[in-house]
Structures are given as structure tokens and as C-alpha cells.
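Try each task before you read its solution.

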Amino acid sequence: MRLITYGYLVYLLAPIVLLLIGAFGDHWSNTLLPEGLTWRWFITVWEDATYRNAMVTTFKLALTTCLINILLVVPLVYGVTLKFPAVAQSITRLLVMLPVAVPQLVIGFAFILAFSTAMLPWLGSPWLLVAGHVVVTFPYLFYTVYADIEASPLKAYERMAQSLGAAEWQRFVHLYLPLVYRSVFTGSLTVAALSIGEFELSNLISGFMTQPYPVVLIQAFYRTTGFACAATLFLLSLALLFSLFSTLVQWRLGRSSSRELPQ
């Protein structure tokens with residue numbers, strides 16, 4: 001088992017190590033390792049307006065995707081948990097999982113067929129790109145929030161508050177939101193990381209002026225090896241940063257929750 005674990009780690013880390021070596025190498029052509037040491041590839045990527053603008057677009061896209069997901073998921077989970085019967089809950093969970101089960105390539109072609117017509121000529125618009133990212137990331141936030149609410153005492157609290165005469169909006173604000181804000185925050189970090197790294201759907205439906213960083217990154221591989229490695233490391237660093245931050249937040253929230261439990 002230990003040998004398998006080590007082999008998996010080597011398999012996982014080897015491409016990242018090669019990217020690091022290539023990004024800092026001054027020249028890499030027909031040799032096992034690059035020659036020289038330089039920072040200039042990172043500076044070149046940053047000074048290139050195409051990549052810098054694509055990075056800004058990616059941040060805006062990830063932020064907008066997170067906000068729309070929150071606005072959709074928070075009330076939906078509340079309704080599914082408390083208002084839907086068991087059969088409707090099962091159907092809803094199945095429908096929410098469809099974007100995970102269906103390949104993003106299929107979703108992208110469906111968007112092209114639906115939004116490149118005379119009635120809906122929206123292909124290439126920034127809001128269609130946002131809609132696509134919401135579709136593919138929605139299940140991750142939904143199930144993060146739904147799992148936490150199912151494990152919480154929300155239903156018991158709701159019955160008690162309702163028996164005391166609390167209105168539905170009061171129960172939503174004072175009972176549901178305090179129980180759900182942690183999972184919303186951690187789930188949003190996951191959504192942001194997925195949105196930043198999403199390529200297949202974005203490549204099919206993004207316009208020339210709204211291309212996010214992963215789509216623009218393809219062009220880097222038609223240039224020098226060092227430039228391509230440095231450009232890829234920018235994207236990898238952003239995804240890892242959000243993933244590590246999400247893990248850290250979950251760990252801190254878990255510790256704070258354990259401290260709040262009665263001894």
C-alpha cells in the first residue's frame with residue numbers, strides 16, 4: 001500500500017514539478033532539463049495584456065458565479081428541506097446532479113444550439129458564460145449546503161418557532177441563515193476554484209472579448225516552453241490557493257464548532 005501511495009504522489013506531483021522547472025528555465029529545447037535560470041517568463045506573462053485581461057475576466061466570472069449560486073441555492077435548500085415531500089426532494093436532488101453526470105462538452109453544444117439562433121443570439125455574451133458556469137458549479141454548492149442542513153436541527157427549531165408564532169421570514173432569517181452561512185462560505189470557495197479552472201464549456205461559449213484565463217492559456221503553448229509553463233503556473237496557483245483556503249476555513253470552522261459543543 002505504501003508503494004502504491006508513493007507512486008500515486010509521484011504521478012500527481014511530477015507534472016507540477018516539470019512546470020516549475022520549465023517556468024524558471026531560461027531555455028528548454030531538445031534537452032532533458034532547461035538551461036539557465038530566469039524570472040522573465042512570469043514578467044512576460046503579466047505584461048501581456050491578453051493574459052492580464054483574461055485573468056481579470058476570470059476573477060469577475062468566478063465572483064459573479066458565486067453570488068448567483070448563493071442567491072439560488074440558499075432559498076432552494078430551505079424550500080427543499082422544509083416544503084418538499086420526500087419524492088419531490090429525491091427528484092430535485094437527481095436534477096441537481098445532472099450537470100455533474102452530463103459531460104461539459106455536451107452542455108456546451110446544447111448552449112450553442114439553444115443560444116445561436118435568431119430568437120436567442122446570445123452566444124459569446126458574458127452573461128451566457130456566467131450562466132454556463134452557474135450550471136456546472138451549482139451542484140457543488142447545493143450539496144454542500146444541503147448536507148449540512150440535513151445534519152442540523154433545523155426542522156426541530158422550525159417546529160418550535162412556528163408553535164411560538166414566528167413568521168416564515170423570521171424563521172428563515174433567524175434560524176436558517178445562522179445554520180447555513182458556514183457551508184455557504186466554504187461551498188462558495190469550492191465554486192470559485194471550479195469556475196477559475198473551468199475550460200471545456202468556456203471554450204465553446206465564450207466570446208472573443210470575454211475569454212477567461214483557461215481558454216486564453218491554449219495560446220501560450222504556441223509560444224516558448226518557458227512562457228507556457230509560467231502561464232500555466234498562474235492558473236494552477238489560483239486554483240490551489242482557493243482549494244487550500246477552503247480547506248483551512250473548513251478546519252477552522254470545525255474547530256470552532258467543536259468548542260461550542262457542551263462539555
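**Exercise 1. Find the ring that Arg 40 covers, and do likewise for Arg 223.**

Step 1: Arg 40 lies over the face of Trp 41, 4.0 Å from the ring centre. A charge sits over a ring here if NZ of Lys or CZ of Arg is within 6 Å of the ring centre and within 35 degrees of the ring normal.

Step 2: Arg 223 lies over the face of Phe 227, at 3.9 Å from the ring centre.

Before going on, a word on the model: it is predicted, so local features need pLDDT of at least 70 and side-chain atom pairs count only at pLDDT 80 or more, while totals for chains, interfaces and linings use all residues. Residues are numbered from 1 along each chain as its sequence is written, and side-chain values use heavy atoms, with hydrogens and water left out.

**Exercise 2. Work out which salt bridge Arg 223 forms, and where its partner lies.**

Step 1: Look for a side-chain nitrogen of Lys or Arg within 4 Å of a carboxyl oxygen of Asp or Glu, which is the rule for a salt bridge. The count comes to four salt bridges.

Step 2: Arg 223 pairs with Asp 48, with the closest N and O atoms 2.9 Å apart.

Step 3: Asp 48 is in the loop between α2 and α3 and Arg 223 in the loop between α10 and α11, so that distant parts of the chain, 175 residues apart, are linked (helices are DSSP runs of H or I, at least four residues, numbered from the N terminus).

Step 4: Asp 48 is buried, with a relative accessible area of 18%, whereas Arg 223 is partly exposed at 41%. Buried means under 20% relative accessible area, exposed over 50%, and partly exposed in between, with a 1.4 Å probe and protein chains only.

Why might such pairs form? Side chains of opposite charge can pair when their charged atoms come close.

**Exercise 3. Describe the salt bridge between Glu 158 and Arg 171.**

Step 1: The closest N and O atoms are 2.8 Å apart.

Step 2: Glu 158 lies in helix α7 (residues 154-163) and Arg 171 in helix α8, so the pair ties together parts that are 13 residues apart in sequence.

Step 3: Both Glu 158 and Arg 171 are buried.

**Exercise 4. Sort the ring pairs Trp 39 with Phe 42 and Phe 115 with Trp 122.**

Step 1: Rings of Phe, Tyr and Trp (its six-membered ring) pair if their centres lie within 6.5 Å; planes under 30 degrees apart count as stacked, over 60 as edge-to-face and the rest as tilted. The whole structure holds 14 aromatic pairs.

Step 2: Trp 39 and Phe 42 are 6.4 Å apart, centre to centre, with 50° between the planes, a tilted pair. Trp 39 is exposed at 62%, while Phe 42 is buried at 16%.

Step 3: Phe 115 and Trp 122 have ring centres 5.8 Å apart and planes at 15°, so this pair is stacked.

Step 4: Phe 24, Trp 39, Phe 42 and Phe 234 form one aromatic cluster.

**Exercise 5. Follow Leu 233 to its contacts.**

Step 1: Leu 233 is in helix α11 (residues 225-260) and is buried, with a relative accessible area of 6%.

Step 2: Not counting residues up to four places away in sequence, Leu 233 touches Leu 19, Leu 20, Ala 23 and Phe 42; contact means heavy atoms within 4.5 Å.

Step 3: Leu 233 and Ala 23 are 210 residues apart in sequence, yet their C-alpha atoms are 7.8 Å apart.

Terms used
Helices (H or I, at least four residues) and strands (E, at least two) are DSSP runs, numbered from the N terminus.
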